[in-house]
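Subject: The structure we talked about

Hi there,

Here is the structure I promised to pass on. Have a look at it first, and then read on for what turned up.

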Amino acid sequence: MSPQPEQTLWVERLDVTVGAHRRAAVRDVSFTVGRGEAVGLVGESGSGKTLTCRSVLGLLPPGVEIAGGRVRLGSGADEVDLTTARRRTWDKVRGVRLGAVFQDPASYLNPSLTVGHQLAEVLRTQRGLARGPAHARSVELFTEVGLRDPDRVFHQYPHELSGGMLQRVLIALAVSLEPELLIADEATTALDVVVQAEILQLLSRLRRTHDLSLLLVTHDLAVVADTCDRVLVMYGGEIVESGPTEQVLRDPRHPYTRALLAVASIGDWSRRTLEVIPGSPPEAGEELPGCRFAPRCRDAVADCTAEPVWLTTWPDENRSARCLRAEDLESVGGPS
Amino acid sequence: MSTLRRIWTVPSARISIIILLGVAVLVVAGSALAPHDPLEQDPTRMLQGPGSAHWLGTDYLGRDVLSRLMAGTRVSVAGALEAVVVAAALGILPGLASAWSGRTFEWASLRVTDTLMVLPFTVFAIAVVGTLGNGLHQSMVAVGILMSPLFFRVTRAVTLGLRQTQYVEAAELMGASQWWVLRKHIWAKVLPTIAVTTAQAIGSALLLMASLTFLGLGVTPPAPTWGGMLASDLGYLTQQPWAPLFPGLLIMLTVGSLNLIADAIRDQTPDGVRRGWLGRQGTLAVAASSGLTGGGAALAAAPAPQDDVEPELSEEEDARVPAA
Amino acid sequence: MSAAISVTATAPIGTSRGGRLVQSVRPFGRLLVITATVFVLSTILTFALGALSGANPAAAVLGETATPADIARMRHEFGLDVPLWQQYLTWLGNALHGDLGRSWFTTVPVSDSIRTALPVDLSIAGLALVMAVLMGGAAGIAAALSNGGVVDRTVTLVCSAVATVPPFVIGMMLIVVFSVKLGALPSGGYVPLEQDPVEWLRFAILPAAALSIDAAGSLARQLRTSLVGAMRENYVTGAEMRGFSRRRVLFGHVLRNASGPALAVLGMAVPTIIGGAVITEKLFNLPGIAQLALVGAEQGDVPVILGTLLVTVVVVLIASMVVNAVQTALNPVARRAGQPGGAR
């Protein structure tokens with residue numbers, strides 16, 4: 001994958017290892033997020049999506065390190081190499097060019113300060129606004145993220161707000177400095193379905209109005225279905241499929257994606273049985289010969305476990321899939 | 001008890017136990033083992049430094065420092081033990097009761113504990129001595145009374161936590177009498193807590209005892225005590241600046257060993273019980289150390305450095321400790 | 001199970017019950033009630049000591065030459081021949097007006113003597129508190145920042161060692177070093193603050209240092225633990241994601257939340273410092289309240305004894321209230337809700 005002009009994020013062959021034994025939890029992951037584009041990173045827990053996300057944010061826990069590859073933010077003259085960035089660089093990048101919202105929004109706010117104060121603080125410290133203008137702008141931002149009665153919310157403490165409201169607050173905080181990229185790590189997982197939809201709508205709207213790029217990390221295909229232009233499916237630390245969302249969901253080319261769709265049963269309300277993918281994903285860092293999904297794959301053949309599987313790409317369609325049988329399985333069709 | 005055996009394996013605890021055994025020997029036979037008569041004055045040999053005849057030198061009346069230290073151990077340690085016994089007797093049962101009985105008793109006992117903790121220790125001791133007479137027992141009882149809140153709080157916290165555990169609830173549902181529950185389930189779990197607290201309390205009491213005797217309260221000279229020796233050293237610091245080191249070091253070693261043992265016991269206690277020790281203590285604990293001098297630190301450090309006890313004014317609802 | 005005396009333990013979502021003002025005042029109300037109760041109980045205890053002493057003024061002043069008539073007369077003079085509860089109320093009533101009776105020996109009003117003696121202790125205790133905060137705070141923060149490194153381990157070791165040493169030993173060591181060896185500071189004596197601040201400082205700094213070391217140690221240890229714990233919390237990540245520098249995260253956010261337990265430790269240290277002033281008075285020959293009490297105790301001068309005890313208790317109570325109030329003010333939300341993130 002080569003860098004394109006106007007791209008916001010470029011992750012190139014990222015390897016992340018865990019622990020003293022340096023077990024590979026993320027292998028050779030590459031993708032880009034273009035300007036104004038929304039990309040979904042989908043996978044179950046253990047797929048490596050969270051570690052990938054954290055690598056981009058520079059929030060790897062102790063014992064976990066980037067063992068190879070590069071992460072770059074921005075393009076051209078504004079490009080910053082995040083892989084080797086130190087604290088000073090991060091302080092200039094975070095918030096300003098890169099924003100993030102996480103699961104469990106309450107815990108990411110200081111419980112003893114009002115939410116308004118925390119937003120105004122960002123504006124005052126990073127933009128040098130005075131108290132008054134910062135307050136005003138904060139209220140504006142709260143309105144923009146859909147909070148009713150923003151003046152009142154300004155003076156409330158995190159424990160006084162509901163999950164949905166808190167997530168809006170965090171989004172406001174994340175976009176307050178007009179970053180290029182917003183990363184949402186399971187941002188809607190803890191919210192009920194209705195609120196989840198509202199938040200996703202909000203993110204789409206912000207994308208349009210602020211020319212914001214989005215990276216949505218989630219385990220839920222439904223989240224990416226409506227919001228993302230492109231989707232990347234991760235399994236066992238690798239990217240197993242990528243492409244425009246609509247096409248991938250309509251016509252998946254990797255058995256795992258197919259299985260995921262069957263489980264999620266998006267749009268297929270007539271089905272009565274509960275689909276399940278037999279077996280369990282590999283442990284992080286577990287070394288397997290060949291395809292990492294093969295043990296659980298209905299369509300696996302001997303070749304699949306013989307050697308590591310490279311990505312098969314369809315450049316004209318901008319799709320790729322890590323499956324030896326992608327081409328010939330296509331004609332077989334979707335799940336029964 | 002198996003706990004004791006387990007503690008022996010920890011090196012720091014082992015050293016502590018050995019030190020304490022040495023102190024115990026001194027308590028029992030200090031005067032007998034001392035090389036010289038602690039009270040014997042020798043005007044020809046005042047304020048001498050360490051030498052062959054007097055290993056730790058002599059004080060301003062020519063008395064052998066080493067002998068005085070050894071003989072003084074009994075009074076100091078015995079006094080501390082007496083205080084701790086009083087404190088435990090006054091604190092444990094009410095602590096158990098307050099976690100078990102009605103709201104009024106609970107509130108009342110908490111307020112009494114608050115009051116005891118607010119009283120500044122040394123001034124209170126002076127008051128007791130001034131009104132009730134200057135004897136060892138009076139001052140030790142005073143110390144004991146002021147230290148009882150420690151046992152009270154700790155026992156109460158553990159019992160509260162244990163009371164809410166499921167096996168206790170189950171037992172009660174099956175009709176077990178409260179007495180039976182208490183004996184069978186709670187006592188065994190409370191004991192380690194009490195053991196830890198006792199070790200630390202003895203350390204605190206020793207420091208307090210030293211403070212009192214330093215002020216001249218509780219024991220009459222010329223009987224040697226650790227604190228008393230420090231007091232007399234004070235006047236002669238220019239001639240013997242190193243003199244406070246000897247009693248000071250002895251105090252440090254004893255108190256330090258006690259704290260180490262307390263830590264060791266705590267580390268050996270299963271986590272389930274230990275979790276009951278944390279949590280909010282329901283009292284005016286801002287004034288918790290009641291003006292204890294050196295003991296104040298030991299008292300404030302009663303939970304290990306890792307457990308930050310958050311004593312707050314918010315009481316009952318927070319005194320509910322999460323079930324183990 | 002014992003039910004709670006319930007004050008709003010959790011605030012319902014979206015509404016502040018009774019408005020923000022009432023919510024912030026309520027904890028202070030409880031504080032007041034508790035403090036008042038403790039005060040009353042202390043006065044009872046104090047008075048009981050006096051009653052138990054069985055001493056009478058005649059015996060104290062006149063010694064063995066006192067005749068029964070003398071005893072009766074002096075008892076009447078000092079109001080000791082009325083029922084106990086009446087004595088208590090009179091005494092308490094007077095005390096609340098500032099009248100603590102007169103010394104049996106010197107007939108000097110006790111409150112006068114205390115008025116001259118108390119500022120000595122208070123000024124030195126105040127200085128000690130300031131020093132404890134500065135030293136303990138700096139050490140705690142440094143240890144937390146180093147987290148497992150050399151600074152951290154050294155600080156922890158020093159604090160543990162210091163906790164085992166009685167402060168008067170520390171005081172003596174300070175005297176040895178600074179007075180005897182270096183001759184830089186005096187080893188005893190006192191000059192009131194109003195008279196000459198510089199001289200006051202010269203005399204006050206050693207006793208204050210001796211008093212503060214204990215508290216500084218506890219504070220440093222507690223602060224370190226709280227800070228290290230707090231830095232693992234998500235809201236620190238949140239703050240970092242906003243591009244805040246380490247300094248801002250630490251001082252603007254972490255300290256505020258982590259200071260609770262540390263303040264509690266400091267609060268516990270206040271009575272220690274005030275009580276410890278007694279020892280330092282003897283060490284450094286300061287004309288403070290403990291000297292007053294000691295002399296009174298030696299002579300069996302009950303009004304002086306009771307008066308000093310009462311005043312010290314009041315001072316400690318006030319200090320405790322202040323610290324508790326500061327704690328509440330600084331961190332009302334986290335305390336009310338019980339933990340960061342709140343109850344939802």
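Predicted model: local features only at pLDDT ≥ 70, side-chain atom pairs only at ≥ 80, totals over all residues.

**The eight-stranded sheet of chain A**

With that in hand, eight strands of chain A form an open sheet in the order 6-7-8-3-9-10-12-11, with mixed pairing. Strand 6 (98–102) and strand 11 (312–314) of chain A stand at the edges; each has a single partner strand, so one side of each lacks a neighbour in the sheet. From one strand to the next, the twist averages 15 degrees.

On one side, strand 3 of chain A is joined by five bridges to strand 8 (residues 213–218) of chain A, and the two run parallel. Within that pairing, Val39(A) has Leu215(A) as its bridge partner in strand 8 of chain A. Four bridges link strand 3 of chain A to strand 9 (residues 230–235) of chain A, again in a parallel arrangement. Here the bridge partner of Val42(A) is Val233(A) in strand 9 of chain A.

How many of the residues of strand 3 of chain A are buried? Five of its five residues are, which leaves the strand mostly covered. In a regular strand, side chains alternate between the two faces of the sheet. For strand 3 of chain A, both faces are covered: Ala38(A), Gly40(A) and Val42(A) are buried on one side, and Val39(A) and Leu41(A) are buried on the other.

Moving along the sheet, strand 9 of chain A is joined to strand 10 (residues 238–244) of chain A by six bridges, and these two run antiparallel. Met234(A) has Ile239(A) as its bridge partner in strand 10 of chain A.

**A second sheet, and a helix that touches both**

Chain A also has an open sheet of four strands, in the order 2-1-4-5 and with antiparallel pairing. Strand 2 (23–34) and strand 5 (80–81) of chain A stand at its edges with a single partner strand each, so one side of each has no neighbour in the sheet. Eight bridges join strand 1 (residues 7–18) of chain A to strand 4 (residues 64–73) of chain A, which run antiparallel. If you want a pair to click on, Trp10(A) stands opposite Arg72(A) in strand 4 of chain A.

Helix 1 of chain A packs on this sheet, touching strand 1, strand 2 and strand 4 of chain A, and its direction makes about 120 degrees with that of strand 1 of chain A. Helix 1 (residues 49–57) of chain A also lies across strand 3, strand 6, strand 7 (181–185), strand 8 and strand 9 of chain A, running at about 145 degrees to strand 7 of chain A.

One more helix is worth a look. Helix 10 (residues 255–264) of chain A is largely enclosed by the rest of the structure, because eight of its 10 residues are buried. Among the buried residues are Tyr256(A), Arg258(A) and Leu261(A).

**Chains B and C**

Chain B has 13 helices and zero strands. The count for chain C is likewise 13 helices and zero strands. Of the 324 residues of chain B, 59% count as buried, while for the 344 residues of chain C the figure is 53%. Chain B exposes about 12,200 Å², with carbon and sulfur atoms supplying 67% of it. For chain C the accessible surface is about 14,600 Å², and 67% of that belongs to carbon and sulfur atoms.

As for contacts between residues at least 6 apart in sequence, 75% of those in chain B join residues at least 24 apart. In chain C the share is 71%.

**The nonpolar cores**

Which residues have the most contacts inside the largest nonpolar core? This core has 141 residues, and the answer is Phe124(B), Val143(B), Phe151(B), Phe214(B), Phe168(C), Met172(C) and Leu283(C). Its largest share, 15 residues, comes from helix 8 (residues 178–215) of chain B. Leu283(C) touches residues of both chains, including Phe214(B), Leu234(B), Phe168(C) and Met172(C). A second, separate core of 117 residues includes Ile171(A), Ala174(A), Ala184(A) and Leu206(A).

Happy browsing!

Definitions and conventions
Residues numbered from 1 in each chain as written. Chains lettered and ligands numbered in written order. Heavy atoms only, no water. Buried < 20%, exposed > 50% of the residue type's maximum accessible area, 1.4 Å probe, protein only. Pairing = 2+ DSSP bridges. Axes fitted to C-alpha atoms, helices over the stretch in contact; angles between N-to-C directions. Contact = heavy atoms within 4.5 Å. Areas by Shrake-Rupley, 256 points an atom, 1.4 Å probe, with all protein chains shown as cover. Core = buried A, V, L, I, M, F, W, Y, C linked by side-chain atoms within 4.5 Å. Lists of a residue's contacts leave out its neighbours within four places in sequence.
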